[in-house]
Amino acid sequence: MPRESLDLDFVRRQFPPLGNGWAFFENAGGSYAPQSVIDRVRSYMTEAQVQPAWSFAPSADATERIARGRRAVAELINAEPDEVIVGPSTTMNVYVLAQALRSAFAPGDELIVTNLDHEANNGAWRRLAEFGVTVKEWRIDPSNGALAEADLDALLTDRTRLVCFTHCSNVVGTIHDVAHLTRKIHAAGARVCVDGVAFAPHRQVDVKALDVDFYTFSAYKVFGPHLGILYGKREHLLSARGQNHFFIGEDDIPLKLNPGGPNHELTAGLVGVADYFDAVYRHHFDAPENSFHKRAGRVYALMAAHEERLADRLLDFLRGKPGLRLIGEPTMADGRRAPTISFAVPGRSSQALQTALERERIAVGYGNFYAHRCVEALGLDPEDGVLRVGMAHYNRLEEVDRLIEALDPLI
Ligand SMILES: Cc1ncc(COP(=O)(O)O)c(C=O)c1O
């Protein structure tokens with residue numbers, strides 16, 4: 001019998017540390033990995049850790065396991081494997097991409113970044129000003145962290161070459177209509193580079209449906225190993241300037257944009273993320289489905305429905321607290337919010353609140369989460385910043401209740 005909602009007992013059994021007694025809500029920083037990921041990394045290192053790319057069998061085995069990791073993540077986001085760069089982090093991937101695109105910009109060409117984004121999709125682009133590129137800033141409404149489309153319209157010109165923005169901010173939590181914004185930006189003759197790091201743990205990414213030029217996310221927040229994934233449309237990767245050794249050809253994608261190549265055992269470990277999605281699929285649905293992207297999509301839908309319940313429970317409580325400053329959308333109602341919920345309490349230190357919760361074995365984060373410009377624009381102290389509750393699909397409603405009970409007397 002297919003199940004209509006996520007079987008949390010089943011889900012939680014896949015993640016070894018979830019029985020450790022903590023209510024863990026720092027998932028937007030980094031999520032736990034299921035046993036399947038741990039097993040894939042371990043079996044690569046136990047059975048296959050030699051230099052790949054040779055014809056002899058032990059090396060061919062390593063090559064195949066690495067290729068399967070890339071294929072798994074490509075299918076997850078509906079990309080082709082050669083369009084996916086598996087790098088050390090999103091920060092590093094964007095840095096390399098910015099260097100790779102640098103020579104395509106002429107002096108006076110324009111690039112738009114936001115003051116909402118994490119610094120990963122910010123600093124590397126802003127630095128291109130040193131090479132004559134004009135960098136413009138799409139600014140948030142300081143009262144609520146929203147990006148207004150009319151403000152983007154006012155910034156787009158016939159010199160705009162690239163717009164770098166976030167699918168979902170890791171502080172504000174609002175989900176942007178990337179397909180719509182991308183259509184608008186393409187119509188203006190520019191490309192997009194979208195940061196999906198805070199989105200990909202919660203909803204399925206489909207790079208083809210979004211029609212994005214470049215899209216980034218971090219596998220270690222999507223239950224995988226500590227890696228960053230960068231998608232680029234094939235023609236853009238081919239025309240970008242290679243950043244690897246001089247003898248790596250300009251047609252050698254994705255290696256030319258992956259200096260040093262991918263981390264082997266962790267890339268092999270990405271197959272474990274697919275194993276996890278498939279295990280959840282098999283547990284919940286009877287119908288066979290050949291496409292991994294579609295199976296993962298149905299699993300994501302279960303996750304999103306559960307996360308909505310979790311987040312609404314906390315949002316209901318926070319809205320009832322006079323004076324508390326809730327950042328972003330006040331409810332999950334219209335699907336425009338991820339369950340990454342930040343708030344500040346005037347006169348109270350976010351750090352002190354975090355410490356008080358830690359005493360109750362409740363893990364949340366505080367500060368700016370490297371979205372320094374955003375927290376500053378919101379008028380908050382960038383060091384103390386906000387208290388952030390980063391939920392994942394494996395959290396229980398009881399954990400949210402525990403958090404509410406602990407927070408209630410503090411705020
Ligand atoms: C929205 C967002 N973008 C980018 C990053 C940077 O990712 P990485 O640590 O892989 O460089 C983070 C990390 O917290 C993030 O939350």
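How far is an oxygen atom of the ligand from an N or O atom in the side chain of T91? I get 2.5 Å. That passes my polar contact cut-off (a pair of N or O atoms within 3.5 Å; within protein, one must be able to donate a hydrogen and the other to accept it, and residues adjacent in sequence count only if both atoms are side-chain atoms).

Before going on, I note that this is a predicted model, where local features need pLDDT of at least 70, side-chain atom pairs count only at pLDDT 80 or more, and totals for chains, interfaces and linings use all residues. Numbering runs from 1 along each chain as its sequence is written, and side-chain values use heavy atoms, with hydrogens and water left out.

K221 has an N or O atom in its side chain 2.6 Å from an oxygen atom of the ligand, and for N170 a polar side-chain atom sits 3.2 Å from a ligand oxygen. The protein covers 90% of the 400 Å² of accessible area that the ligand has on its own (Shrake-Rupley method, 1.4 Å probe; for residues, only the protein chains shown count as cover).

Next I listed the residues around the ligand, among them S89, T90, H118, D195 and Y220 (near means a heavy atom within 4 Å). By class I count 3 nonpolar, 6 polar and 2 charged residues in this shell. My classes: Ala, Val, Leu, Ile, Met, Phe, Trp, Tyr, Cys and Pro are nonpolar, Asp, Glu, Lys and Arg charged, and the others, Gly among them, polar.

**Cavities**

How many cavities of 30 Å³ or more are there? The count comes to 2. A cavity here is a set of points, on a 1 Å grid over the protein atoms alone, where a 1.4 Å probe fits but cannot get out; lining residues have an atom within 4 Å of a point. Points are joined across faces, edges and corners, and a volume is the space filled by probe spheres set on them.

The largest cavity holds about 100 Å³. Of its 14 lining residues, N27, A28, P201, H202 and K221 are the closest to its centre. Domain 1 (8–33 + 293–407) and domain 2 (39–272) both give residues to this lining, so the largest cavity lies between them (bounds from an automatic or database domain assignment).

The second largest cavity has about 80 Å³ of space. Helix 3 gives the most to its lining, with 4 residues (helices are DSSP runs of H or I, at least four residues, numbered from the N terminus). Its lining divides into 10 nonpolar, 2 polar and no charged residues.

**Backbone**

I found a cis peptide bond from I253 to P254, omega near 5°. P254 lies in the loop between helix 9 (234–239) and helix 10.

Definitions and conventions. On a 1 Å grid over the protein atoms alone, a cavity is a set of points where a 1.4 Å probe fits but cannot get out, and a pocket is an open set with protein on both sides within 12 Å along at least five of seven lines; lining residues have an atom within 4 Å of a point. Helices (H or I, at least four residues) and strands (E, at least two) are DSSP runs, numbered from the N terminus.
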